[in-house]
Amino acid sequence: MLLACCRYCCEHSIRFLIVGKGSNCLFDDNGFDGCVILNRIEFIERIEPGVYRVGSGYPFNRLGLQCCNEGFSGLEFAGGIPGTVGGAAYMNAGANGQIVLPRYERLSSSSCRYIPSETFSVSEGATTGVLGKAEIISASGERSAGSVFQNPSGFSAAEFIEKAGLKGFRRGGAKVSEIHANFFINCGSATSTDMLELINLVKVKVNSKFGIELKEEVKYVSACNGLISNRNDSFSV
Ligand SMILES: Cc1cc2nc3c(=O)[nH]c(=O)nc-3n(C[C@H](O)[C@H](O)[C@H](O)COP(=O)(O)OP(=O)(O)OC[C@H]3O[C@@H](n4cnc5c(N)ncnc54)[C@H](O)[C@@H]3O)c2cc1C
């Protein structure tokens, strides 16, 4: 079905966007002028002990928990990531030094690509139930899209933001989290403009103080131009 939707959009020159849980997306207040494909391919297949083939719409945190419960180690970090397997792969989601790499499929005769499923190999063994900041933030009920900026090589974006004195810094309804400075919170009334302004202000302040240029991790989906980010989103037409 995902393939059929993507193919239809490509053939009819309709701009489209595949969304998993949307946990890494910042949509423009004016919406998205195109087709949003909500991915709900949620199967899980145990190929052999410790090898799972999982649909790209499967919740990544559920997969992490399931692996732990079945006595396998390696995907503990997924437990705190509130997205789908496809979103995690696309974003190279990770924590504690582990990341997920995407396996794309391409639509024939087009540059559009999508992730239908992923296969994970985990090893038997004791699991480590690490409670990361992401889980603390989720538990606190604050609404965010996770880390706003990528970590500059060898450094922590959150540390720069915190050292620039920006924890709690606010623009309209958008605020830098007091718990994790790289998480920007919707206090209830934030517009996408508030969020974009806050992102720009933080970038400018960190740059003027440390000479570091922070790059967005969060995906801003503009109303007319689709995804804007520093990654290549070639499936948006
Ligand atoms: C509280 C909180 C904590 C977080 N903690 C972490 C963390 O610890 N580590 C981390 O890495 N991230 C973290 N994130 C960010 C986010 O949850 C992850 O990047 C997640 O994997 C995104 O999955 P999603 O399904 O929500 O993707 P979406 O936001 O729906 O999509 C993200 C991008 O992936 C593309 N995409 C999604 N599915 C597919 C597909 N099947 N084929 C092709 N493209 C696709 C979308 O088009 C979009 O460009 C956190 C977010 C929140 C809100």
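Is E159 buried, exposed or partly exposed? Hello everyone! What we have here is a predicted model, where local features need pLDDT of at least 70, side-chain atom pairs count only at pLDDT 80 or more, and totals for chains, interfaces and linings use all residues. Residues are numbered from 1 along each chain as its sequence is written, and side-chain values use heavy atoms, with hydrogens and water left out.

Back to our opening question. E159 is partly exposed, at 44% relative accessible area; here buried means under 20%, exposed over 50%, and partly exposed in between, with a 1.4 Å probe and protein chains only. The side chain of E159 forms a salt bridge with K163, at 3.4 Å from N to O. By salt bridge I mean a side-chain nitrogen of Lys or Arg within 4 Å of a carboxyl oxygen of Asp or Glu. Both residues sit in helix α5 (residues 157-163), four residues apart, about one turn of the helix. Helices (H or I, at least four residues) and strands (E, at least two) are DSSP runs, numbered from the N terminus. K163 is exposed, with 55% relative accessible area.

By that salt-bridge rule, the count comes to nine. Another of them pairs R103 with E118, with the closest N and O atoms 3.4 Å apart. This pair links distant parts of the chain, 15 residues apart: R103 is in the loop between β8 (98-99) and β9 (105-106), and E118 is in strand β11 (residues 117-121). R103 is partly exposed at 48%, whereas E118 is buried at 2%.

R171 and E197 also meet through their side chains in a salt bridge, 3.1 Å from N to O. R171 belongs to strand β13 (residues 170-171) and E197 to helix α6 (residues 192-210), so this pair ties together parts that are 26 residues apart in sequence.

Now, let's turn to the ligand. Among the 34 residues around the ligand, I18, G20, S23, T84 and G94 come nearest; a residue counts as near if one of its heavy atoms lies within 4 Å. T84 has a polar side-chain atom 2.7 Å from a ligand oxygen. For G22, a backbone N or O atom lies 2.8 Å from an oxygen atom of the ligand.

Which element gives the largest share of the shell around the ligand? That is α3, with four residues. β1 (16-19), α3 (85-90) and α4 (133-140) each supply at least two shell residues.

How values were computed:
Polar contact = N/O pair within 3.5 Å; in protein donor to acceptor, adjacent residues only side chain to side chain.
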